[in-house]
Amino acid sequence: MILYNVRHRGNYEYEKFALNIFQFYNEIIRLNKLINETSKKSLAEKITELDLIIDKFTEQLGEQILFFKLETENQL
Amino acid sequence: MIQKITSRDMMNILVNSQQKIENLNGEILTIKSGIETRLSVIQNAQNFLLQQTQIINDNLIDGYNKKIRNKIIFAIADIQTGIYDLYGVTICPKSLKTVSNVFNLKTETGSIFKNNATVLINDEINSSFTSMLMNDSIIGKGIAFAEFDTPEISLEVQVNPNDLLGSTDFNAIEILPYIPGSLNLTEIDVYDMQGYQTDEVYPALTIQSNIDNLGAMKILIDKTRSLYRLVLNFKVNYRNPSGKYPFGLKHLFLLKENYDTDSYAVVKVTNKKYIRSIGEKIIVTDQNGSYSSTLQEEGIKLFTSYLNKNLSHEIDISSGFYEKIISQNIKTFYMQIPIDRSIISINFLEINTK
C-alpha cells in the first residue's frame with residue numbers, strides 16, 4: 001500500500017506519481033516502436049543481404065569451384 | 001466517485017514495461033546470433049575458397065590437366081539432348097512430378113513446415129539444425145551451420161511417430177551444403193516405419209556412399225520408404241584457420257518423386273587430337289562414389305554422328321588387347337548414357353589419339 005503525504009506534498013501527489021508511471025510506460029512503448037521501425041528493420045535488411053551473399057557462394061561460386069576441382073583432380 | 005487505479009495496477013504497468021524490454025532484448029539477441037552464424041558461413045566459405053583456388057592452381061601447374069582431358073562432368077558437359085534433370089553436380093532421372101516433401105506441406109499460399117522431427121548432431125539434439133528441413137521459401141528460415149572440433153559428423157533426423165502430420169514416404173534425398181566440396185558423405189542409414197513398429201534395431205537400408213567433395217546433389221534410394229529415422233555420416237575435409245571443422249546444410253529435403261524410367265542423355269565429347277580408338281574402361285562417379293566399370297556394363301553407346309536429332313555410326317569399342325581403330329578422322333563423338341540414378345562424372349581411361 002502506498003501512503004500519500006498530502007499535507008506535506010500537496011493535493012496532487014497521487015496524480016504526479018501516477019503520471020510518472022504512465023509517462024515511463026509511454027516512453028517504453030515509444031522506444032519499442034522506434035526500435036522496431038528503424039534498427040530492427042534495417043537489421044532484417046542486412047540479414048537478407050547476408051543471405052544473398054551466402055546463396056551466391058553456395059549455389060554459384062562454390063559450385064563452380066567444385067566443378068573445377070572435380071575436373072582437375074586425379075582419379076584413382 | 002472518481003475511480004483511481006490501484007497500486008496493483010501501477011505495478012502491472014511496470015511489470016508490462018519490464019516484459020517489453022526483456023522481449024526486445026531477446027529479439028535483438030536472436031538477430032545477433034543470426035548475423036554471427038551468417039558471418040561465420042561467409043568467413044569459412046571465403047577461407048575454403050582461397051584454399052581451393054591454391055590447390056587447383058597447384059594441380060594445373062603440376063600438369064594434372066593432361067590426365068583429366070577425358071573426364072566428363074555432366075553438370076558442365078555439352079549435353080545435346082535427352083530426358084534428364086540437372087541438380088547441382090549431378091545428372092539425375094527426369095522428375096515427372098514431386099509428389100511430396102516429407103517436412104514441407106505445399107499449399108496455394110506457399111510451403112508450410114511440419115515441425116515434427118528431431119535433428120541430432122553427433123547424438124546430441126540440435127534445434128538450430130532443424131531449419132535445414134524447412135523449404136527455402138519459408139520466411140524466417142534459420143541457418144543450420146556450426147563449427148565442430150572433430151571432422152566426423154553424424155547427422156540424424158528422427159520423425160516423431162506420435163505426431164505424424166501426413167505420410168513420411170520418400171524415395172530421394174536432396175542435399176545442399178553451405179560450402180560445396182568441403183565434406184565427404186560416407187554412409188546413409190534409413191530406418192523405416194515398419195522397422196520402428198517391429199522394434200527392428202538395424203537400418204532397413206544402408207548406402208555406403210563414399211562421395212568425396214559433396215556438392216548439391218540428389219540421391220535416389222532403391223524404392224519408396226516411409227521415414228522413421230535417417231542417419232547421414234559426413235567427414236568434413238576442410239579445417240579452418242581456427243582449427244575447427246565447419247559444417248552446415250542449406251537444406252536437406254526428403255522427397256517423393258515420380259521419375260521417368262527411360263531417362264537418358266546424349267553428351268558431346270570433344271578431344272583436341274584425332275581419335276584412333278576408344279577403350280571400354282571407364283571410372284564412374286555416382287551417388288555411391290567412384291568405381292571402375294566398362295562402357296558395356298553401364299549401357300553406354302558411342303556414336304560419331306548426331307544429325308537432325310539422330311545418332312548414327314556407332315563406334316566399335318576396343319576391349320582387352322584388341323584395338324578397334326575408328327576409320328574416320330574424328331575429334332568429336334557423342335555418348336548416349338542411360339540415367340537411372342544420380343551420376344556426377346565419367347572418366348574415359350583409354351582414348352588413344354592419332
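Helices (H or I, at least four residues) and strands (E, at least two) are DSSP runs, numbered from the N terminus. In these terms chain A follows the pattern α-α-α when read along the sequence, with three helices and zero strands. The structure is a predicted model, in which local features need pLDDT of at least 70 and side-chain atom pairs count only at pLDDT 80 or more, while totals for chains, interfaces and linings use all residues. Residues are numbered from 1 along each chain as its sequence is written, chains are lettered from A and ligands numbered from 1 in the order in which they are written, and side-chain values use heavy atoms, with hydrogens and water left out.

The confidence of the prediction is described by pLDDT, which is the predictor's confidence in each residue, from 0 to 100. Chain B averages a pLDDT of 86, and 96% of its residues score at least 70. Among the elements of chain B, the highest mean pLDDT, 93, belongs to strand E11 (residues 152–159), and the lowest, 81, to strand E25 (residues 351–353). For the complex, the predictor gives an ipTM of 0.76 and a pTM of 0.81.

Chain A has 76 residues, of which 26% are buried, where buried means under 20% relative accessible area, exposed over 50%, and partly exposed in between (1.4 Å probe, protein chains only). Helix H2 of chain A covers residues 13–37, and its 25 residues should span 36 Å at 1.5 Å a residue, which agrees with the 36 Å between its end C-alpha atoms; the expected span of a helix is 1.5 Å times one less than its number of residues. The buried residues of this helix are A:Glu13, A:Tyr14, A:Ala18, A:Ile21, A:Ile28 and A:Asn32.

Between the two chains, 40 residues of chain A are in contact with 53 residues of chain B, contact being defined as heavy atoms within 4.5 Å. Together the chains bury about 4500 Å², 73% of it on carbon and sulfur atoms, where buried area is the accessible area (1.4 Å probe) that two parts lose on being put together, summed over both. Five residue pairs are in polar contact between chain A and chain B, with both residues at pLDDT 80 or more. The elements that give two or more residues to the side of chain A that touches chain B are H2 and helix H3 (39–72) of chain A, and the largest share of that side, 22 residues, comes from H3 of chain A. A polar contact is a pair of N or O atoms within 3.5 Å; within protein, one must be able to donate a hydrogen and the other to accept it, and residues adjacent in sequence count only if both atoms are side-chain atoms.

On the chain B side, B:Ser17 is found in helix H1 (residues 7–61) of chain B and is buried, with a relative accessible area of 1%. Leaving aside its neighbours within four places in sequence, B:Ser17 is in contact with A:Phe24, A:Tyr25 and A:Ile28, and A:Ile28 is itself one of the buried residues of H2 of chain A.

Side chains of opposite charge can pair when their charged atoms come close. A salt bridge is a side-chain nitrogen of Lys or Arg within 4 Å of a carboxyl oxygen of Asp or Glu, and a search of the whole structure finds 16 of them over all chains, with four between chain A and chain B. In one salt bridge, A:Asp51 pairs with B:Arg38, the closest N and O atoms being 2.6 Å apart. This pair crosses between chains, from helix H3 of chain A to helix H1 of chain B; A:Asp51 is partly exposed at a relative accessible area of 24%, whereas B:Arg38 counts as buried at 7%. The side chains of B:Lys250 and A:Glu59 also meet in a salt bridge (3.2 Å, N to O).

Within chain B, B:Lys141 lies in the loop between strand E9 (124–125) and strand E10 (145–148) and counts as buried at 13% relative accessibility. B:Lys141 forms a salt bridge with B:Asp136, with the closest N and O atoms 3.0 Å apart, and its side chain reaches the backbone oxygen of B:Ser131 at 3.3 Å and that of B:Lys250 at 3.0 Å.
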